[in-house]
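Student: I am new to this structure. Please take me closely through one part of it, the charged side chains and their surroundings.

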Amino acid sequence: AVSTSFSMDASGWTTEADNLPMTFRFFALEGADDEATMYAGQVNIVATTLPPGAPLAVGVYVGDAWGAETRRAGAVAVSAPAGPVAGMLLDSLGTPLQDALDAG
């Protein structure tokens, strides 16, 4: 399948010791308000694959033990390879992110 590997990194966030542990929820935005979670937990980096297509909004929520959180987001675009073979590969595309988006 055709896909592009991405690493999303939320390192550098700090908090007071009594606010630990910190949590991270990486997401992709489908439509205006529909977020598909790619990972949620205490690890601050996630590796995933993204499908080709229009710019995709991705981001992370960073939270603390008390439920306070902040959100950071941006957009990425993955260009599809050109040619008829690429089109056939794209038709069979199935990535973890696409599966998460499809599941809603």
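Tutor: Start with a cut-off. A residue is buried when its relative accessible area is under 20%, exposed when that area is over 50%, and partly exposed in between. Keep in mind that this is a predicted model.

Now take R71. Its relative accessibility is 36%, so R71 counts as partly exposed. R71 forms a salt bridge with E35. The closest N and O atoms of that pair are 3.5 Å apart. Look at where the two partners sit. R71 is in strand β6 and E35 is in strand β3, so the pair ties together parts that lie 36 residues apart in sequence.

Stay with E35. At 21% relative accessibility, E35 is also partly exposed. E35 has another partner, R25, and here the closest N and O atoms are 3.1 Å apart. This pair also links distant parts of the chain. E35 belongs to strand β3 (residues 34-41), while R25 belongs to strand β2, and ten residues separate them. R25 has a relative accessible area of 26%, so R25 is partly exposed too.

R25, E35 and R71 are linked in a network of salt bridges. The count of salt bridges comes to two. As a general point, side chains of opposite charge can pair when their charged atoms come close.

Next, turn to a charged residue without such a partner. D64 is buried yet has no salt bridge. Its nearest side chain of opposite charge is R25, 14 Å away. A salt bridge needs a side-chain nitrogen within 4 Å of a carboxyl oxygen, so this distance rules the pair out.

Where is D64? It sits in the loop between β5 (53-63) and β6 (69-78). What lies around D64? Leaving aside residues up to four places away in sequence, D64 touches N19, P21 and M22. A polar atom of the D64 side chain also lies 2.9 Å from the backbone nitrogen of W66.

Finish with the nonpolar side. The largest nonpolar core has 14 residues. Those with the most contacts inside the core are M8, F24, F26 and V60. The elements giving two or more residues to this core are β2 (23-30), β4 (45-50) and β5. Of these, β5 gives the most, with four residues. In soluble globular proteins, nonpolar side chains tend to be buried together.

Key:
Residues are numbered from 1 along each chain as its sequence is written. This is a predicted model: local features need pLDDT of at least 70, side-chain atom pairs count only at pLDDT 80 or more; totals for chains, interfaces and linings use all residues. Side-chain values use heavy atoms; hydrogens and water are left out. Buried means under 20% relative accessible area, exposed over 50%, partly exposed in between (1.4 Å probe, protein chains only). Lys and Arg count as positive and Asp and Glu as negative; His and the chain ends are not counted. A polar contact is a pair of N or O atoms within 3.5 Å; within protein, one must be able to donate a hydrogen and the other to accept it, and residues adjacent in sequence count only if both atoms are side-chain atoms. Contact means heavy atoms within 4.5 Å. A nonpolar core is a set of buried Ala, Val, Leu, Ile, Met, Phe, Trp, Tyr and Cys residues joined through side-chain atoms within 4.5 Å.
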